[in-house]
Amino acid sequence: MRFPQLKIGQRFEYQGKKFTKTGPLTASEEGTGASRMIRRSAKVMLLDGTVSETSLQQVKQSYSWEEVVELCREYRSKLTLELQQIADENGSLQIESLISIITDTNVFNSTP
């Protein structure tokens, strides 16, 4: 099964580690609680079919503008690292223009 097929709160195994899905592209590692971005194409193994109520309670339902901007900055950093890792693994994948777009976005400098 692929990562997007999981529901938020479901437990799964990926690359020999156990996680709980916390968002569309993120998961929390069991034991450490570390957040990790998981590729949409990642093959995962469902550990159980139930959604943890405590996981659902930990998902915040509303955010301030500052929190949204900070989440976007964190996502941009993680995305840049993930793209670089993909490029390193696949050799001559050209991602410079994509990284430039991600890095130069002005959305982080504006307010509503």
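F12 is buried, with a relative accessible area of 0% (buried means under 20% relative accessible area, exposed over 50%, partly exposed in between, with a 1.4 Å probe and protein chains only). This is a predicted model, in which local features need pLDDT of at least 70, side-chain atom pairs count only at pLDDT 80 or more, and totals for chains, interfaces and linings use all residues. Residues are numbered from 1 along each chain as its sequence is written, and side-chain values use heavy atoms, with hydrogens and water left out.

**Aromatic rings**

- The structure holds two aromatic pairs (rings of Phe, Tyr and Trp, the last by its six-membered ring, pair if their centres lie within 6.5 Å; planes under 30 degrees apart count as stacked, over 60 as edge-to-face and the rest as tilted).
- F3 and F12 are edge-to-face, at 5.5 Å centre to centre with 65° between the planes.
- F12 and F19 are stacked, at 5.6 Å centre to centre with 20° between the planes.
- Ring pairs link F3, F12 and F19 into a cluster.
- F3 is buried, at a relative accessible area of 0%, and F19 is buried as well.

**Charge over a ring**

- K21 lies over the face of F3, 4.6 Å from the ring centre (NZ of Lys or CZ of Arg must be within 6 Å of the ring centre and within 35 degrees of the ring normal).

**Surroundings of Y14**

- Y14 counts as buried, at 11% relative accessibility.
- The C-alpha atoms of Y14 and K43 are separated by 7.3 Å, although the two are 29 residues apart along the chain.
- Leaving out residues up to four places away in sequence, Y14 touches F19, R36, I38, A42, K43 and V44 (contact means heavy atoms within 4.5 Å).
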